[in-house]
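Welcome! Please take a moment with the sequence and the model below, and then let us walk through the fold together.

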Protein chains: 2
Amino acid sequence: MSIFDYFRDRKKSTPASIAKERLQIIVAHERGQRNQPDYLPQLQQEIIDVISKYVPIDREQVHVALDNQDDCSILELNITLPERP
Amino acid sequence: MSIFDYFRDRKKSTPASIAKERLQIIVAHERGQRNQPDYLPQLQQEIIDVISKYVPIDREQVHVALDNQDDCSILELNITLPERP
């Protein structure tokens, strides 16, 4: 399964878009033929830390999904940003 | 336009998947109703630095696309990883 099939499949289960400010980060690791250790879980916290430099993030508003399918690992972070005055 | 429409549209222009090891990072910033400065270009280098801690990256194999559509900014990094012995 390719990365783009994954995105297409995800669309089906996504609720109607809400007019909030939000960030979505997707890291897809396509491994080719090899069986390798997966570093996406470790990467997750570091990516959140980097983004926190630019925009305030409420850690309770970070939703993480990690999916392994065949030769593709996908880390998905959905972050709803705090309301600003 | 929602984030997921973007992914669907991208699929059409993607060449057939090649069995190489690769990483794809997509950061989508949906701004809601507000007109705000965009920090995705600055974020780009920091994300590459973070990933470099986990896997060797050849900077010449990093392809960056930045897209602004209506209320959504999308940073896309496509990285082909070096062959390993």
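Predicted model: local features only at pLDDT ≥ 70, side-chain atom pairs only at ≥ 80, totals over all residues.

## A strand covered on both faces

In strand 1 of chain A, both faces are covered: A:Arg22, A:Gln24, A:Ile26, A:Ala28 and A:Glu30 lie buried on one side, and A:Leu23, A:Ile25, A:Val27 and A:His29 lie buried on the other.

What is the order of the strands in the open sheet? The six strands follow the order 2(A)-3(A)-1(A)-1(B)-3(B)-2(B), with antiparallel pairing. Strand 2 (62-69) of chain A and strand 2 (62-69) of chain B stand at the edges with a single partner strand each, so one side of each has no neighbour in the sheet. On average, neighbouring strands are turned by 10° against each other, direction ignored.

| Strands paired | Bridges | Facing residues |
|---|---|---|
| Strand 1 of chain A and strand 3 of chain A | nine | A:Leu23 and A:Ile79 |
| Strand 1 of chain A and strand 1 of chain B | nine | A:Ile25 and B:Val27 |
| Strand 1 of chain B and strand 3 of chain B | nine | B:His29 and B:Ser73 |

## The nonpolar core

The largest nonpolar core holds 34 residues, and A:Leu23, A:Ile25, A:Val27, B:Leu23, B:Ile25 and B:Val27 have the most contacts inside it. At least two residues each come from strand 1 (22-30), helix 2 (40-52) and strand 3 (72-80) of chain A, and likewise from strand 1, helix 2 (40-52) and strand 3 of chain B. In soluble globular proteins, nonpolar side chains tend to be buried together.

Which residues does A:Val27 contact, leaving aside neighbours within four places in sequence? In chain A, they are A:Leu40, A:Leu43, A:Ile47, A:Ser73, A:Ile74 and A:Leu75. In chain B, A:Val27 touches B:Leu23, B:Gln24 and B:Ile25.

## A buried glutamine

Is B:Gln24 buried or exposed? Its relative accessibility is 2%, and buried means under 20%, so B:Gln24 counts as buried. The side chain of B:Gln24 makes a polar contact with the side chain of B:Glu76 at 3.2 Å, and another with the side chain of B:Asn78 at 3.1 Å.

Definitions and conventions. Residues numbered from 1 in each chain as written. Chains lettered and ligands numbered in written order. Heavy atoms only, no water. Pairing = 2+ DSSP bridges. Helix = DSSP H or I, 4+ residues; strand = E, 2+ residues; numbered from the N terminus. Axes fitted to C-alpha atoms, helices over the stretch in contact; angles between N-to-C directions. Core = buried A, V, L, I, M, F, W, Y, C linked by side-chain atoms within 4.5 Å. Buried < 20%, exposed > 50% of the residue type's maximum accessible area, 1.4 Å probe, protein only. Contact = heavy atoms within 4.5 Å. Polar contact = N/O pair within 3.5 Å; in protein donor to acceptor, adjacent residues only side chain to side chain.
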